[in-house]
Amino acid sequence: MRAALCFIAAAAAAACAAAAGPTPPASCDGAPNDFPISSPTPKLVRSFGGGSRYSMAGTNISVLHLRGSAFEMGQQYGSLMREEIIQLFPDMYTYIDEQIDNFLEKLPESIRKAIEEYGVPAALQITVDATSPYTPQHWFDLINGMSNTSGVNVTDIHRLILFPELVKAACTNIGAWGAATASGTDLLALRALDFGLDKPLNKFPVLLNFHPTDGGASHSVLSWAGFLGTITGMSSSGMAVTEKVWDAYTELQNIVGYPFHFLMQDILWNDVDTDQALSRVASANRTCAIWLGIADRDNDQFRLLHYSYRRVDVYNPKNFPVYPPYHDRFQDLVFVDKHVQPSHHMCLNELMHQYWGNLDAPGAVQVSAVHGTGDLHAAVYDYANDQMVISVTTFVDGSWRPAHASPWFSMDTKWLWDPSNAGRAL
Ligand SMILES: *[C@@H]1O[C@H](CO)[C@@H](O)[C@H](O)[C@H]1NC(C)=O
Ligand SMILES: *[C@@H]1O[C@H](CO)[C@@H](O)[C@H](O)[C@H]1NC(C)=O
Ligand SMILES: *[C@@H]1O[C@H](CO)[C@@H](O)[C@H](O)[C@H]1NC(C)=O
Ligand SMILES: *[C@@H]1O[C@H](CO)[C@@H](O)[C@H](O)[C@H]1NC(C)=O
């Protein structure tokens with residue numbers, strides 16, 4: 001409804017902003033987003049094997065439908081995004097090399113020493129060696145398939161896609177349902193990634209739709225060309241995930257285990273409810289310390305986890321460690337803002353007071369914009385309307401504009417999760 005109002009009033013930005021939601025709290029550093037949320041029709045660009053690539057007017061997001069075994073989906077991905085992968089990988093290696101000093105302090109001793117003595121590739125190789133015994137086979141199949149068609153060395157792919165294990169991001173996670181939402185029942189979640197705008201990743205955003213034929217559910221992952229694993233995604237099984245770094249964590253940082261972004265995608269791929277996802281988390285050899293959000297459409301619930309090597313805390317609205325007045329307790333709503341928890345910032349708590357009872361996807365977009373969260377990308381998982389609403393950073397007038405301040409796109413999950421969109425003939 002708000003989006004429609006904005007659309008009609010698109011010429012008059014002031015009228016649009018007025019329709020966009022309540023007055024932004026003074027404690028917030030973002031501004032309302034006046035762009036209408038649009039639903040561009042994806043246009044088929046090309047197909048390879050069982051997979052297809054689509055483009056959409058008004059955005060550089062490439063939409064891929066991948067279908068088959070893990071190896072076949074890897075092959076399709078590597079072929080359909082080959083030019084972008086070949087351009088992005090060397091740029092990302094250079095970028096990580098230049099930026100790693102900013103993350104050294106948070107890294108396990110062994111990794112820090114390796115970086116200082118032998119450089120980033122060696123540290124990533126240690127991560128490959130430490131995680132491989134705990135990595136399910138389909139991840140190797142995806143990597144091998146991508147290498148097979150892109151021509152990029154398997155080792156280079158494996159090392160690079162593990163960089164989230166070394167380099168953590170701040171972010172905002174919100175899960176709301178029941179009394180907190182406009183629909184009055186269905187789950188709504190926001191996942192906003194704050195990772196800085198100076199990334200080579202910016203150029204090649206992708207929305208990957210996996211349609212595994214060896215078991216598991218069709219699922220969607222917002223990512224970048226050539227990357228594997230999920231930090232933002234939503235599944236036809238009803239599961240969705242969010243995460244952010246758990247910055248206040250001071251205990252052992254483990255590297256020997258199941259990469260957290262592989263675990264997150266495996267929840268989308270294989271799990272059907274919260275219990276199954278929590279069992280996966282409980283029995284995994286966990287690595288780094290993150291906040292992990294697990295959304296479950298069919299049970300209308302969202303659990304926010306403190307996830308780490310030794311310890312996992314599972315939070316819901318009743319047991320979340322609130323700290324008023326910065327973070328109040330709300331029925332059917334859990335969230336963490338973009339700052340380090342416990343956060344002494346009022347903004348998101350004030351926004352939740354404004355939106356509680358009436359939160360919908362256009363409202364969640366405004367929360368992201370007004371809180372100023374989600375610079376690299378952001379997504380709203382809107383189960384009530386079968387939509388995944390996404391935004392990525394855009395290049396405008398010579399500089400990068402944050403995703404939260406850029407146009408958002410509403411994607412019909414019935415289309416995203418339809419395997420017949422993979423392997424279409426032109
Ligand atoms: C790619 O994989 C296929 C099927 O396994 C294999 O026949 C082919 O030789 C591989 N190509 C390259 C370049 O490795
Ligand atoms: C891939 O790269 C690794 C590490 O640089 C190297 O040892 C290996 O020989 C390469 N493999 C191929 C097939 O070129
Ligand atoms: C966790 O690590 C232990 C020790 O290496 C291993 O025995 C166990 O199978 C691992 N668990 C999983 C779920 O990979
Ligand atoms: C899309 O990419 C092109 C080429 O890199 C760039 O000039 C353009 O500004 C990008 N568009 C957006 C919306 O980011």
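**Helix packing**

Modeller: Helices α5 and α6 make a right-handed crossing. This is a predicted model, and what follows should be read as a description of that prediction. Two packed helices are described by the angle between their axes and the distance between the axes. For α5, residues 109-118, and α6, residues 120-131, the axes cross at roughly 145° and come within 7 Å. On the α5 side the contact is made by Ile 111, Ala 114, Ile 115 and Tyr 118. On the α6 side the residues are Val 120, Ala 122, Ala 123, Ile 126 and Thr 127. Sorted by class, the α5 and α6 contact has 8 nonpolar residues, 1 polar residue and no charged ones.

Another pair to look at is α3, residues 70-80, with α7, residues 137-150. Their axes are 6 Å apart, at an angle of about 35°. The crossing of α3 and α7 is right-handed. From α3, the contact includes Ala 70, Phe 71, Met 73, Gly 74 and Gln 75, as well as Tyr 77, Gly 78 and Ser 79. From α7, the residues in contact include His 138, Asp 141, Leu 142, Asn 144 and Gly 145, and also Met 146, Asn 148, Thr 149 and Ser 150. The α3 and α7 contact divides into 6 nonpolar, 10 polar and 1 charged residue.

Some of these names come up again around a ligand. Phe 71, Gln 75 and Asn 148 are the residues around ligand 1, and the contact of α3 with α7 includes Phe 71 and Gln 75 from α3 and Asn 148 from α7. A polar side-chain atom of Asn 148 lies 2.2 Å from an oxygen atom of ligand 1. On its own, ligand 1 has 360 Å² of accessible area, and the protein covers 25% of this.

Ligand 4 can be described in the same terms. The residues around ligand 4 are Asn 60, Thr 394 and Phe 395. An N or O atom in the side chain of Asn 60 is 2.3 Å from an oxygen atom of ligand 4. A polar backbone atom of Phe 395 is 2.9 Å from an oxygen atom of ligand 4. Of the 370 Å² of accessible area that ligand 4 has on its own, the protein covers 48%.

Last, a few points on the backbone in the loops. The peptide bond from Pro 324 to Pro 325 is cis, with omega near 5°, and Pro 325 lies in the loop between β12 and β13. Gln 341 and Pro 342 are also joined by a cis peptide bond, with omega about -5°.

Note on methods. Residues are numbered from 1 along each chain as its sequence is written. Chains are lettered from A and ligands numbered from 1 in the order in which they are written. This is a predicted model: local features need pLDDT of at least 70, side-chain atom pairs count only at pLDDT 80 or more; totals for chains, interfaces and linings use all residues. Side-chain values use heavy atoms; hydrogens and water are left out. Axes are lines fitted to C-alpha atoms, for helices over the stretch in contact, and angles run from 0 to 180 degrees between N-to-C directions. Helices (H or I, at least four residues) and strands (E, at least two) are DSSP runs, numbered from the N terminus. A crossing is left-handed if the near helix is turned anticlockwise from the far one by less than a right angle, and right-handed if clockwise. Contact means heavy atoms within 4.5 Å. Ala, Val, Leu, Ile, Met, Phe, Trp, Tyr, Cys and Pro count as nonpolar, Asp, Glu, Lys and Arg as charged, and the others, Gly among them, as polar. A residue is near a molecule or strand if one of its heavy atoms lies within 4 Å of it. A polar contact is a pair of N or O atoms within 3.5 Å; within protein, one must be able to donate a hydrogen and the other to accept it, and residues adjacent in sequence count only if both atoms are side-chain atoms. Accessible areas come from the Shrake-Rupley method with a 1.4 Å probe; for residues, only the protein chains shown count as cover.
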